[in-house]
Amino acid sequence: MSDITELAFKARELDAGDELAGVRSRFVLDDVVYLDGNSLGALPAAVPGRVDDVVRRQWGELRIRSWDESGWWTAPERIGDRIAPLVGAAAGQIVVGDSTSVNVFKALVGAVRLARLGDSARDEIVVDATTFPTDGYMAESAARMTGCTLRPVTPAQVPGVLGDRTAAVLLNHVDYRTGRLHDLPGLTAAVHAAGAIAVWDLCHSAGALPVGLDEHGVDLAVGCTYKYLNGGPGSPAYLYVRREIQDRFDSPLPGWNSHAEPFGMRSDYEPAPGALRGRVGTPDILSMLALEAALEVWDGVSIDTVRAKSLALTDFFLECVAEYVPPGLVESLTPVAHGERGSQVALRCSPTLGFARAGDTPIAGEVMERLIGRGVVGDFRRPDVLRFGFTPLYVGFADVERAAGVLGETLRVRAGSDG
C-alpha cells in the first residue's frame, strides 16, 4: 500500500469516527474543498428560508409592526446571548451590531476612559503590532481622540512594556496571518496586574475554539460573525462588555439606540443599563436576522468538540503536506504546539519558486489560483503566504487529504516549470 493510499485510508477512518460529521448537512455545500471559512463561512441551510420570511412577511406584510411583533428591536441583545456560550460568556454581556472596526473603536476609547477613572495619568495604548490593519488604524484614531500615545509591540513583548501609564491593551486572540493562538489568560492577567484594561479581538477564534471571556476576566472584546460563525458577508459584529464594568462603560458613540429612553427623544444623553450601551444606531435587521438563523447550526454542538476536531484536522493537514509536498517548497508558519495554534494553517511558499510574472503576482497568488481551479479553495496573503482555514462544522478529513494532495501536485508542477 502506498503512502498516499495510507493517508486516504486514514482520512476515511477519521471521518467515520467524527462526532461532527452530521453537522455538515446543515450547510449548503458542493464537492469543492472549502478551506476559506476563516474569511467567509459557508451558507447555513436555514438562512435562505429565514431571510425570505423576514423580507416577505415581517417586512412585506407586518412592516413597522415587526419592530415589536417580530422582535426586531431586541435582536442585538438576543443574538448576543446566542453568541455568548461560544465565547464563554454569560447572558447579558454581548450586543450585536456595527462592524468589527467600529466596535474596536468603541471598546478602545471606552477602555481608556475606564482606566482613567482610577488614574487620570494613564496615557498609553498598547496594540498588537502584528494585528489586522483595521485594528491598528482604529487604535491610532482612538489614541488621537483620547490624547494617548500608541505603542505597537508583539504580543510576546506586552508584559515587558506594561506600566503605570498603560491605559488599554488591544490584542488579537489568533494572528490572522499565521494562525498563532496567543495566551489570552496570561496576557489578560498581566494587563490587569498593571492596572490597565484588556481588549481582545476574537475574529479568528470565536466559533473555532474555547475563549473563556468570563473565566479569564476579559474586560472588553469584539469579533466578527462572518468567519467561523457563518453569518454571511458583512454580517454584523459584536461587542462584549464584562458585567462588572457595564455601569462605567462610556462609549464614544452614544447613539439613540443606546439611550436609556430611546423613544423619549431627549436632548440630553443617558446611557442604557448593561451591555445595551454598546448599541449605536438602528440595527441592520436583514443581515442580523440572517445571522440569527445561521447560529442555529450550533444547536447541540459543543465548542470543546469543535476544538478537538480543529486540532485533529490541522494536525492531519500538516501530516499530509509533509508527505505530498516535495521538501523545501513550503514552510509552515503555524505553530505545531496545540496551545499555540488557532484553526488555520499558513504555509509560506519557497522563494526559490520565483514569481509568476516579472514581480507582478507573487507565486503564492498563482498557486492559490491553480488550487481554486482544481476545487480547493483557500486564500493567500502577500507576498508569499497560503492560508487554509479549517471549519470543523463542515470540513472533513477526506477534504484535508485531497487539499494537501492537490497542493503537492500543483507545487511539483510549478517547481518543475521553474527548473
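How are H4 and H9 oriented to each other, roughly parallel or roughly perpendicular? The model is predicted, with local features requiring pLDDT of at least 70 and side-chain atom pairs pLDDT 80 or more, while totals for chains, interfaces and linings use all residues. Residues are numbered from 1 along each chain as its sequence is written, and side-chain values use heavy atoms, without hydrogens and water.

Helix H4 (residues 75-83) packs against helix H9 (residues 285-294) at about 25°, the axes lying 10 Å apart. Axes are lines fitted to C-alpha atoms over the stretch in contact, with angles from 0 to 180 degrees between N-to-C directions; helices are DSSP runs (H or I, at least four residues) numbered from the N terminus. H4 and H9 are therefore roughly parallel to each other (angles under 35 degrees; over 145 is roughly antiparallel, 65 to 115 roughly perpendicular, the rest oblique). The crossing of H4 past H9 is left-handed (near helix turned anticlockwise from the far one by less than a right angle; right-handed if clockwise). Ala75, Pro76, Arg78 and Ile79 of H4 meet Met288, Leu289, Leu291 and Glu292 of H9, contact meaning heavy atoms within 4.5 Å. This contact of H4 with H9 comprises 6 nonpolar, no polar and 2 charged residues (Ala, Val, Leu, Ile, Met, Phe, Trp, Tyr, Cys and Pro are nonpolar; Asp, Glu, Lys and Arg charged; the others, Gly among them, polar).

Helices H5 (residues 100-118) and H6 (residues 133-146) pack at about 40°, with axes 9 Å apart. This makes H5 oblique to H6. H5 passes H6 in a right-handed crossing. Residues in the contact include Val104, Phe105 and Leu108 of H5 and Met138, Ala139 and Ala142 of H6. By class, the H5 contact with H6 has 9 nonpolar, 4 polar and 3 charged residues.

Conventions:
Helices (H or I, at least four residues) and strands (E, at least two) are DSSP runs, numbered from the N terminus.
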